[in-house]
Amino acid sequence: MALLKTSFLFLSSLKHQPDRTLSFFLAILAALSGLLLLLVILFLAKEAWPGLTNGGWRSFLTHKSWYPLEGMFGIFPMIWASLAMMFGAVLIAIPLGLSAAIVMRFYIPPTSLLAQAYRLILGLLAGIPSVVYGLWGLTVLVPLIGQLHPPGASLLAAILILALMILPTIALTALAALEAIPKTILSGAAALGMSQKGQILSVALPAARMGIIGGILLSMARALGETMAVLMVAGNVVQNPDSLFAPVRALTANIALEMAYATSFHRASLFASGLLLTFLVFLLSWFASRNMGNNHYG
Amino acid sequence: MFVNLKLVWLVTLLFFSSFSTTMAADNRLVITGSSTVAPLALEIAKLFENNNPGIRIDVQTGGSSRGINDARMGLANIGMVSRALKPAESDLTPFTIAMDGIGMIVHKSNNIKTLSNAQIIAIYKGKITNWKQLGGSDLAISVVNKAEGRSTLELFLKHFSLKNSQIKAHVVIGDNQQGIKTVSGTPGAIGYVSIGTAEYEEKQGTPIRLLPLAGVSASVRDGVFPLSRPLNLVTKGKPSLLAKRFIGFAQSAEVHGLVKNQFFVPLKP
Amino acid sequence: MADQIFKAVILACTAFIGLVFLWILGEVVVKGISHLSFSFLFDAPVNSGRAGGIAPILVSTLMIIIVAVSVSVPLGLGVAVWLSEFTKQGQKFATSTRLTLDVLAGIPSIVYGLFGNAFFCIYLGLGFSILSGGLTLACMILPIFIRTCEMGLRTVNDSWRKGALALGMTRTAAIWHILLPSATPAIIAGLVLGIGRATAETAALIFTSGYVDRMPESFMDSGRALAVHIYDLSMNVTGGDHAAYATALTLIILIVFFNIMAQFMMDQWLGRKVLSS
């Protein structure tokens, strides 16, 4: 899609003085926002340092589980749990979120009351505090799952709550991307005699994929970073996620549960796990940029 | 347009930050630490502010270790700690303002009336996994434990001579209310929480029940509870005049009503 | 036939989402409405928030959002314009800026809280204050806002750019009068997502804007945000559930208000631009 890749630079070089000034100024802003990450990472690294030096990092890899009071700092069960939650949630939220975006774009008129209301609800849900999702999960969802397989607080509960929480992000960003597709493309497809399903699946979705994938990435990162809701429904037992009904602890929940009480090496190791989370998100973004080829990162 | 906005912001930021050095004035106290103590300290602070116009007391939450750290580093005038101080913390001076007891709770529908210490240990070690092994109904036991570092966990482990790695927990919780909400939503659950709050919730109709510990029914009113912890304010070195006055006020009988409102036990005079 | 099945399936999915969300919203409304009243909005909290109202907390929240939005929107729009209009495909600096922003978007809010506390509160000396909280939130919502704005700008039809250049407009003028107005839906989406996230934030604010629940007098005062209040009432204060749900309901009403306001303001501001250009 050449259309999606263009910018002013693509068309010609900067001839006017005000344009050059603006470009320079905006580049500084961009550098500033990039600096922010450096600042965050530096800060995390500084706090995590006592936990990483003197062979401390080895305890994260070799210890079997996480019992700080007894000097055990195995971090792998929580990494697996965090990843399992994230992928589970995204797996559920992508088809549902895309359906919602497609319906709002193609099946109901955007000015209708129904569409407006639905959009408002999605906007609302993106803004409900995670603690409210957590409360709902703890008082409604967990007892429901508990009837199936006690205690109910489990990987499954966390996946479902996270899927709900990231749905609005996926749906709203996908909708914005779909709405930005030029009408001419779609009418061209229709003129070629494509069915509506064909238009949506083979023309609209591919044309909007940059925005859609961007939204999915955002939501994956949010799922990985979500703290309060996961803490309330996942059960927080440090173990490998070997079943959907197993209670597990996410890295973020671990930080929230213990940070307020941790001292010295324990505290440093919590910051180290924050650093690790940041690194996981980096891997995720980098991996996505590789796979999306020219479209997203150039 | 956004060029200007950005500039305005930079200027505003600089403007505000020039004021920030006036933080630690004579009429101002900063108190940080335990989330358990914070609501109580905030209420005491409001009453103190009312009695002493012109004084401002900022209470910030964040956990006992934050209270200790901030008091040590001088970031706070007073730290809040929801446990007794450890030997490594002897550089700080504790002032107890209230007591908190801990009790075992089960779901209301559970027909077990009492548990011995040995039974509780067996449950938490995963040796007993179903209530029918104790004469109850055929229901899997969900063991609710606290997260590491919480003083209630440390108290529980010490009382029953357990190590946390021996405990086979099904749910690990953080704050007190999460424990109550988890147990009330899970018929087979057993957990331990602050007694005063459990008594209140039981009265409100929340489906939980306090179990007697080793035959003694715990109760805040009688001051009887085998498992208890002090709620402390701590200072580094000698407290300032204002801090001293505030601590004195927080230990006085004037605040007993506030202490009871938060379901803690006031100090005996 | 396949067309019909496809339509039925996605309509069912959409309806299902709507129902689940109405369930959650309904739960908050039902449990919160009885406690919500005029005085709840205009009184100070009493007895740790079990009684009284949330007036100071509402004010603090609004002030925090004002700080966060007025920092992140101009900064974010600027970076988004730069990324989409002034960088070449494959340019190293732009690529790494994007990657950086994606990583920033994924940092857990609790980490932002710890960072904000160390950097704004202690290092810059702003202390526990609404300013610290707002700046921390600005860092948090910046990447989301930039990402959605950039996407909106990139999908603006290229013939508009060509047309503007052919007319001899400077790029600066073309961006201001043509590109930004046509990217309105994405900018609104970004703004709504950002404000939503800012109002919903708990973990990052406990450590920065703080816990004090008295009426703030300036941006340098510590002030408790709505989400922090909800968290404290539901998880830490026994007997605070009713007030927690009423506060959550207030927050939802506030978000509805923001959504409508954002839509309205963007329509006003950018709608006029399109007409005048």
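So, which two domains is chain B divided into? Chain B splits into domain 1, which covers 5-100 + 230-261, and domain 2, which covers 101-210. Those bounds come from an automatic or database domain assignment.

Before I go on, some housekeeping. This is a predicted model, where local features need pLDDT of at least 70 and side-chain atom pairs count only at pLDDT 80 or more, while totals for chains, interfaces and linings use all residues. Residues are numbered from 1 along each chain as its sequence is written, and chains are lettered from A and ligands numbered from 1 in the order in which they are written.

Okay, back to chain B. The C-alpha centres of its domain 1 and domain 2 sit 33 Å apart. Where the two touch, 6 residues come from domain 1 of chain B and 4 residues from domain 2 of chain B. A contact here means that the C-beta atoms of two residues, placed from the backbone, lie within 7 Å. On the domain 1 side of chain B, you get 1 nonpolar, 3 polar and 2 charged residues. For those classes, Ala, Val, Leu, Ile, Met, Phe, Trp, Tyr, Cys and Pro are nonpolar, Asp, Glu, Lys and Arg are charged, and the others, Gly among them, are polar.

Chain C has two domains as well: domain 1 is 1-32 and domain 2 is 38-276. Their centres, taken over C-alpha atoms, are 28 Å apart. That contact uses 4 residues from domain 1 of chain C and 5 residues from domain 2 of chain C. The domain 1 side of chain C is made of 2 nonpolar, 1 polar and 1 charged residues.

Now, how do the chains meet? Let's take A and C. The contact draws 86 residues from chain A and 86 residues from chain C. On the chain A side, helix 3 (residues 17-52) gives the largest share, 16 residues. When I say helix, I mean a DSSP run of H or I with at least four residues; a strand is a run of E with at least two, and both are numbered from the N terminus. The side of chain A that touches chain C has 56 nonpolar, 26 polar and 4 charged residues.

Then A and B: here 27 residues of chain A meet 29 residues of chain B. In chain A, helix 7 (130-148), helix 12 (228-233) and helix 13 (251-258) each supply at least two residues of that side. The largest share, 5 residues, comes from helix 7 of chain A. By class, this side of chain A has 18 nonpolar, 6 polar and 3 charged residues.

Let's look at some helix packing. Two packed helices are described by the angle between their axes and the distance between the axes. In chain A, helix 6 (residues 113-127) and helix 8 (residues 155-179) pack at about 135°, with axes 8 Å apart. The axes are lines fitted to C-alpha atoms, for helices over the stretch in contact, and angles run from 0 to 180 degrees between N-to-C directions. So helix 6 of chain A is oblique to helix 8 of chain A. For the cut-offs, under 35 degrees is roughly parallel, over 145 roughly antiparallel, 65 to 115 roughly perpendicular, and the rest oblique. The residues that meet are Leu122(A), Leu125(A) and Ala126(A) from helix 6 of chain A, and Pro168(A), Thr169(A), Ala171(A) and Leu172(A) from helix 8 of chain A. They divide into 6 nonpolar, 1 polar and no charged.

Over in chain C, helix 4 (residues 92-106) and helix 6 (residues 130-154) pack at about 130°, axes 8 Å apart. Helix 4 of chain C and helix 6 of chain C are therefore oblique to each other. Leu101(C), Leu104(C) and Ala105(C) of helix 4 of chain C meet Pro143(C), Ile144(C), Ile146(C) and Arg147(C) of helix 6 of chain C. That contact counts 6 nonpolar, no polar and 1 charged residues.

Last topic: confidence. pLDDT is the predictor's confidence in each residue, from 0 to 100. Chain A averages 83, with 91% of its residues scoring at least 70. In chain B, confidence is lowest in helix 1 (residues 2-17), at a mean of 50, and highest in strand 3 (residues 78-81), at 94.
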